[in-house]
Amino acid sequence: MQYRLIPAVPAEADDDRLLRLDVRLADGGRFQPEAASGFHIMELIRAYGLPIRAECGGACVCSTCHVRIPKVWHSILPPPSDEELAKLDEIPGADDTSRLACQILMTEPMDGMEIEVQPDSLLPQTSWVAG
Ligand code: FES
C-alpha cells in the first residue's frame with residue numbers, strides 16, 4: 001500500500017485561519033500538516049494522508065485512533081466524555097495522556113499541538129509519497 005501526502009484543508013472550515021498540528025508517528029515519522037478549526041483531529045490526520053487506522057470512522061467504538069498528547073497541552077483540551085473514557089480503558093497501556101483523535105475538535109488554541117499516533121492505531125505502511 002502506498003500513501004500520498006496531501007496538504008488538505010477541508011472546504012467547510014469554519015474560519016479562514018490555517019493552523020498546524022505536529023503529528024508524530026510511532027515509526028518515527030513527523031509531519032506538520034495544516035489544520036482548520038472545527039474538524040476532528042482524526043479527520044485532519046486522515047485528510048493529510050497519514051496512516052491512522054480509525055476503523056469506525058469516528059463513531060467512538062473501535063479505539064483505533066489512539067493518540068497521546070503531551071500534558072503541556074491538556075489545559076486546552078476538552079475533557080474526554082464517559083464514552084471516550086470507556087474506550088480508552090480497553091486499550092492496553094493507555095495512560096492519562098491517551099485520547100481518541102476522533103473525539104477532539106480542532107480549535108485555535110491547539111495550533112502546534114503535538115499528537116503522537118500510537119502503534120496500535122497505525123496502518124501498516126510500505127512507502128510514502130510526498131504530494
Ligand atoms: S475512529 Fe473509531 S474510536 Fe476513533
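**View 1. The hairpin of β2 and β3 contains a glycine with a positive phi.**
Gly 28 takes a positive phi near 105° in this hairpin, which has four residues between the strands. Strands are DSSP runs of E with at least two residues, and helices are DSSP runs of H or I with at least four; both are numbered from the N terminus. β2 and strand β3 (residues 30-31) pair in the antiparallel sense, over two bridges. Two strands count as paired if DSSP finds at least two bridges between them. Arg 24 has Arg 30 as its bridge partner in β3. The model is predicted: local features need pLDDT of at least 70, side-chain atom pairs count only at pLDDT 80 or more, and totals for chains, interfaces and linings use all residues. Residues are numbered from 1 along each chain as its sequence is written.

**View 2. Strand β2 also pairs with β4 and β7.**
Strand β4 covers residues 34-35 and pairs with β2 in the antiparallel sense over two bridges. Here Arg 20 has Glu 34 as its bridge partner. Strand β7 (residues 113-117) runs parallel to β2, and five bridges join them. Within β7, Glu 116 stands opposite Arg 24.

**View 3. Strand β2 has a covered face and an uncovered face.**
Which residues of β2 form the covered face? They are Leu 19, Leu 21, Val 23 and Leu 25. The uncovered face holds Arg 20, Asp 22 and Arg 24. In a regular strand the side chains alternate between the two faces of the sheet.

**View 4. The largest nonpolar core has 26 residues.**
A nonpolar core is a set of buried Ala, Val, Leu, Ile, Met, Phe, Trp, Tyr and Cys residues joined through C-beta atoms within 7 Å. A residue is buried if 20 or more other C-beta atoms lie within 10 Å of its own, exposed if 12 or fewer, and partly exposed in between; C-beta atoms are placed from the backbone. The residues with the most contacts inside the core are Ile 41, Met 42, Ile 45, Ile 52, Cys 65, Ala 101 and Ile 115. β2, α1 and β7 each supply at least two residues of this core. Two residues are in contact if their C-beta atoms, placed from the backbone, lie within 7 Å. Leaving out residues up to four places away in sequence, Ile 115 touches Leu 21, Asp 22, Val 23, Ile 41, Val 67, Ile 69 and Ala 101.

**View 5. Leu 100 is buried in strand β6.**
The strand spans residues 98-100. Why does Leu 100 count as buried? Leu 100 is buried because 29 other C-beta atoms lie within 10 Å. Residues up to four places away aside, Leu 100 touches Cys 60, Ser 63, Cys 65, His 66, Glu 84, Lys 87 and Leu 88. Arg 68 is 32 residues from Leu 100 along the chain, and their C-alpha atoms are separated by 8.5 Å.

**View 6. Ala 54 and Ser 63 lie in the loop between α1 and β5.**
The loop runs between α1 (41-47) and β5 (66-68). Ala 54 has a phi near 45°, a positive value in a residue other than glycine. Ser 63 is not a glycine either, yet its phi is positive, about 65°.

**View 7. Pro 51 and Gly 58 are partly exposed.**
The loop between α1 and β5 holds Pro 51 and Gly 58. Pro 51 has 19 other C-beta atoms within 10 Å. Gly 58 has 16. Pro 51 and Leu 122 are 71 residues apart in sequence, but 5.7 Å apart in space, C-alpha to C-alpha. Gly 58 touches His 40, Met 42 and Cys 102, not counting residues up to four places away in sequence. The C-alpha atoms of Gly 58 and His 40 are separated by 8.6 Å.

**View 8. The whole chain has two helices and eight strands.**
Along the sequence, the pattern is β-β-β-β-α-β-α-β-β-β. Of the 131 residues, 29% count as buried. The average pLDDT, the predictor's confidence in each residue from 0 to 100, is 87. pLDDT stays under 50 over residues 127-131.
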